[in-house]
Amino acid sequence: MSKPGFLKSALEGASVLLQKQARHPGFPDVDAADPERRGQALYRRGRHRMRAGEIESALEDFDRAIELLPDFAEAVVSHAECLDMLGRLAPAKPEYEKARQLWAEGRVGAPDRCYLFRQQGRLTFEVESYELALKHIKTGSFPLSASGNALLARGRAEEALRFYDQGLKVKEKDPAILALKGEALSMLGRYRQAVDAFSSSLKANPRAPETLSGRAIAFAAMGRLDKARDDWRQQLSLLPEMQPAARACVALRLGDYEAALPELERAIAKAPADPYWPLYRLTALKRLGRPLGALSMPAGTAAWPRPLFDLLAGHATPDAVLAAATTDERRAEALFQMERFKEVAERAPPAMIEYAAARNELSRRR
Amino acid sequence: MFSVIIYGRNDSHGYNLHKRAAISFNALAEVMSDPDDEILFVDYNTPDDHPTFPEAIHDTLTDKAKRHMRILRVRPEQHVHLKSKTHLVALESQSRNVALRRSNPKNRWILYTNTDMLLLSRNEGESLSDILGALPDGFYQVPRFEIPEMLWEAAFDRKDPAGNLAKLRDWSMRFHLNQVVHNFMPMKYDALGDFQAVLRDDMFAIHGFDESMILGWHCDSNLAARLALYRGRVDTLMDKAFGYHCDHTRVAAANNKGRKTTMNSHDKYIWNVSSPYIPEQAETWGWPDVEIEEVRLDRDTSYERYTAGLSQAIEPATVPFTSTSCEWHLFDDLTYDLSHTLPFVCDQMLTYPRSTRIMVVASRAEFVSRFATAWRGMGLSGRVLVPHECRLDLDHPAIETGRYADLLRRTDLFLFEFGLASQKDGDPVRTGREASPADRKQLRIVERLFRQAASTEPATRPPGRRTPRRFIGVNVIYNKYWPTFTDYVGANINPFCSQVLAGFALEAPMTMKEKILKFRKRAG
């Protein structure tokens, strides 16, 4: 065997191994005890099998993932796609619809904040796709930002921060990535560093409403309410008329209920099914000492924030409402409606509208 | 419910564009069921003397397509500031943003596609309006499938969109057309630009398409990257509809030079996108302050305007035909039939903006007054500018007289008529009539003003105008003014019967020396 022949043969062997690995990457988490990790691993393996043409096996993985995580829209839609590929469109159709419904049901973040907080779902498919892209794209920041966003939207700030830092190595001092980094730092409670990141971003792009929002929240969390107010005022001046919901949120954070009212009216007209705009409208009227009028709650309002409407109408006791508030955020919303501003300011996450509004209420009282 | 946004121009972009586009326009209208739905076609940079692309093929469009279609015409003058920066004659981002800015605000969705696409709902009979109406907020794509050129060209009937869609439903299975081509995220599928359904609010929030992308290609991928950041996900609508593309690879389109194709940077506009927003164009995208003409195919059409104008200016003929002659011995006879010529003159006007101001320099007063009547009748609101120097006695509400030098800087279009001032309507035409001294005097004025206007055209444009102005010559074929006119204006060879030549002023008029050299070259 000649040398080149030997080398060729050895490399062929290695490439067969590599191909095999690529065909069957490991999915160690499919046996994890944590249902979330296990469900996501099954989904990933299902997608892998789907791409390999092993549709029946993929269907099994998606079935198991959905069993573990019934609200896993990505797995539902992939299951539907597999059925569709097999020519079974009739059972696939309701699954496609169900996936869309699951995504739509999740409450999105406030419209005045960074866009990434309005992303819905687990984004597993996207993260996997971007991971794949990162194997081939070494000089692009997009997969890094997108992966970071997907993680941050799921509350995984530490991991997101790593992606943003890598992104900043590719695109040094990029104002958009700096602002995302600021959001990750803020979520981690590293407010001073967050303010620095936001400030660097704003230096390059001062007319960025969402970056101003991020910095304002970080300032407020640090107790520097005057600075926060400046940023929110600046943000309000930059937000276009056609974003009334975002404008209303900023006005509410400022505790400027007079400014918030007309924006809320327009937000209700634009999104009549969203219960928060009529709720905040009633809140604004109440804070301004005006009659609340008829308490109209959008049809189909979910279990939450229904109790808050009941509270404002005098049909529910504070205790009953607090009992129905199953998360920190809901509890903060309830406490705010009960005018227990000090507790809101002490306990609520600083990114909440109620937190900023409560801080402003307290500062006014002083 | 939704606004479809497409763009193009009146040219020949790719193989059998006219058929592809008619099939597509009609098929898009066919899947609309909401009265607010609209097809916004941005006609970008079609020369001013051409009609827009949909007008040029209007007879192949269904009534439904005409009802839903709004044509937004971007003039060469509006594109000229970008001309030196790109090799392309039609710009995608600018076009799509112009349409977005002017889209129906009642519509929740914007659908970006192209003029060779057919959308087929998987539930037979379900309209795209119904499909989009029931969808939650999001950013949706569908896979694109190809239709072999033979099939759409040979078997589709342009005016039978329902039949075409039915054929497609059959072919898709019979000929295995449906192959989903997956792509890297954020481009969920290959050729994603042929179906991107986006919330109108989202498009405004992210400042539209990136208008710095002026080299062609990847505008759709850039949008996908930015919307993927904004929304987090790119959703599929493949359970609801498939997109079919009329393949057109027999002839490469103008923006396709194989491996030598110039493109927007893939890295910059896809892999290094870091924000959904484009703050640099936040206030300017879609040219909010630019007046964009809107053309309809279902009302106030060019034909309606043309007939309205002419019916006010001329009476119908009372004899089966009239006659004239282009024999050489009649070369010096400058008589012509005004009623016959005016329709060919008016034919030159309808594609121009209604606000166009036209300078008319003429020998025959009757020509000017009849032309002015037709001008107003055709719905053109700009003034008809007649220089004092013409010494014509005119009284018409459309006409404004003034000093030639002043009017020269206000005019958008030139019309020079070389007739005999003494000719009256009904006089015999081309029978060997000689010009009177008064005729010759008037013709000398017209000729002098023509030479001056043509040779100084670039220097006398209205303030801010960068594109050249067109010259229209009347009675300049097979007579002594033929060489005069074409020495200064680059006009085509037209049939004598039309009496009209038109074109732009030559950069340098053809001199006598050049003519002699040309003659000697030909002779020797």
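Hi everyone, let's start in chain B, where strand 5 and strand 10 (residues 241–246) pair in the antiparallel sense over five bridges; two strands pair if DSSP finds at least two bridges between them. Helices here are DSSP runs of H or I with at least four residues, strands are runs of E with at least two, and both are numbered from the N terminus.

A word on the source: this is a predicted model, where local features need pLDDT of at least 70, side-chain atom pairs count only at pLDDT 80 or more, and totals for chains, interfaces and linings use all residues. Residues are numbered from 1 along each chain as its sequence is written, while chains are lettered from A and ligands numbered from 1 in the order in which they are written.

Back to our strands. M117(B) stands opposite H245(B) in strand 10 of chain B. Both strands belong to an open sheet of three strands in chain B, with the order 5-10-7 and mixed pairing. Strand 5 (117–121) and strand 7 (144–147) of chain B each have a single partner strand, so one side of each is left without a neighbour in the sheet.

Now, how do the chains meet? In all, 22 residues of chain B are in contact with 37 residues of chain A, where contact puts C-beta atoms, placed from the backbone, within 7 Å. On the chain B side, helix 10 gives the most, with five residues.

Finally, chain A: S145(A), G148(A), N149(A) and L152(A) in helix 7 meet residues of helix 9 including I177(A) and M187(A).

Definitions and conventions:
Contact = placed C-beta atoms within 7 Å.
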